[in-house]
Amino acid sequence: MASDHDHDHDNSLSETVLRVKALESLLVEKGLVDPAALDAMVDAYENKIGPRNGARVVARAWTDPAYKARLMADATAAIAELGYSGAQGEHMVVVENTPTVHNLVVCTLCSCYPWPVLGLPPVWYKSSAYRSRAVIDPRGVLRDFGITVPDEVAVRVRDSTAEIRYLVLPERPAGTESLGAEALEVLVTRDTMIGTAKVSAP
Amino acid sequence: MATPPLTADKVMPAILNGGPTQRESAAKPRFAAGQAVRARCFNPTGHTRLPRYVRGRLGTIERDHGAHVFPDSNAKLQGEKPQLLYTVRFAARELWGEAANPADAVYLDLWEDYLDAA
């Protein structure tokens, strides 16, 4: 907006939003985009596909050793057993956090992220600050997220440079031995499956 | 007026199918798990998925993922040219120097053309 203009026109839309709206109207007017298809896409990623899917995978792996074995051997097939598949999850690999290994997922090139199990990536995941620092100073990044990883625990950063998408299987917290999959599922947050948080007992 | 390539009824099927990049290939993998490799050092003007921070660095093959579409050619509409894709482990000290924790590592998924035997 012009800086020599000192009064408000009640126009709360940012330049980016205005540009997107202009592009959308043009594409719709020219018949290149179906607005109902856009609505269906927004609905899919707002209401159907998100980190609760991943949490279900994690809780099942914690409570069903045979499922966990299948998940570690062929994550794409094991995740599809629960009904989750498709765009940005065509080739899945699950990496397990243990008392001696902490995995952290990043995409230094752009914002690659396992959509079928986690939904769309959070803004910080796409920021150049996270993308550049996660590889050179993962322990510092983890401290910013509130996790101090002891020196003797190996930090493995997974840079998603190809079409393989990574899901972290976080450690099951102590004191949850009596809980079933449904009760465990609600403890598993999005960030625990990226590797920037640990699961806490209730 | 053009016909929209994607209509509402096709959105969920398209999302659920996705676009797999693995391809059948009879090519024998050049590298095996545990083998030492060095990431090539090249600086193309076009698309590549080989990040600068590993170019010229020593790593170890962790596993292969079969043959996948090669983005360096596919992005330029020069064909899929599928080739073996590997997860390669680079020790944090190899990438960032002696101050890095000796236990730490960065794992990248790299195509065969990005790698030389070391």
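Modeller: A nonpolar core is a set of buried Ala, Val, Leu, Ile, Met, Phe, Trp, Tyr and Cys residues joined through side-chain atoms within 4.5 Å; buried means under 20% relative accessible area, exposed over 50%, partly exposed in between (1.4 Å probe, protein chains only). This is a predicted model, in which local features need pLDDT of at least 70 and side-chain atom pairs count only at pLDDT 80 or more, while totals for chains, interfaces and linings use all residues. Residues are numbered from 1 along each chain as its sequence is written, chains are lettered from A and ligands numbered from 1 in the order in which they are written, and side-chain values use heavy atoms, with hydrogens and water left out.

Biologist: Which residues have the most contacts inside the largest nonpolar core?

Modeller: They are A:Leu71 and B:Leu115, in a core of 67 residues. Helix H3 (residues 51-63) of chain A gives the largest share of this core, six residues; helices (H or I, at least four residues) and strands (E, at least two) are DSSP runs, numbered from the N terminus.

Biologist: What makes A:Val155 buried?

Modeller: A:Val155 has a relative accessible area of 0%, so the value falls under the limit for buried. The residue is in strand E3 (residues 154-159) of chain A. Beyond four places in sequence, A:Val155 is in contact (heavy atoms within 4.5 Å) with residues of both chains, among them A:His102, A:Pro138, B:Ala103 and B:Asp104.

Biologist: Why is A:Thr192 called buried?

Modeller: A:Thr192 has 1% relative accessibility, and that is also under the limit, therefore it counts as buried. A:Thr192 lies in the segment after helix H10 (181-185) of chain A. A polar atom of the A:Thr192 side chain is 2.6 Å from the backbone oxygen of A:Thr189.

Biologist: How do you know that A:Arg131 has no salt bridge?

Modeller: A salt bridge is a side-chain nitrogen of Lys or Arg within 4 Å of a carboxyl oxygen of Asp or Glu. For buried A:Arg131, the nearest side chain of opposite charge is A:Asp159, at 7.9 Å (Lys and Arg count as positive and Asp and Glu as negative; His and the chain ends are not counted). A:Arg131, in helix H8 (residues 128-136) of chain A, does have a polar side-chain atom 3.3 Å from the backbone oxygen of A:Thr108.

Biologist: What makes the pair A:Arg158 and B:Glu62 a salt bridge?

Modeller: Their closest N and O atoms are 3.5 Å apart, so the pair meets the cut-off. The rule finds three salt bridges across the interface of chain A and chain B.

Biologist: How many residues does each chain give to the contact, and what area is buried?

Modeller: Chain A gives 39 residues and chain B gives 38 residues. The buried area (accessible area, 1.4 Å probe, that two parts lose on being put together, summed over both) is about 3,000 Å², and carbon and sulfur atoms give 58% of it. A:His91, A:Thr161 and A:Glu163 supply 16% of the area that chain A buries against chain B, more than any other three residues.

Terms used. Polar contact = N/O pair within 3.5 Å; in protein donor to acceptor, adjacent residues only side chain to side chain.
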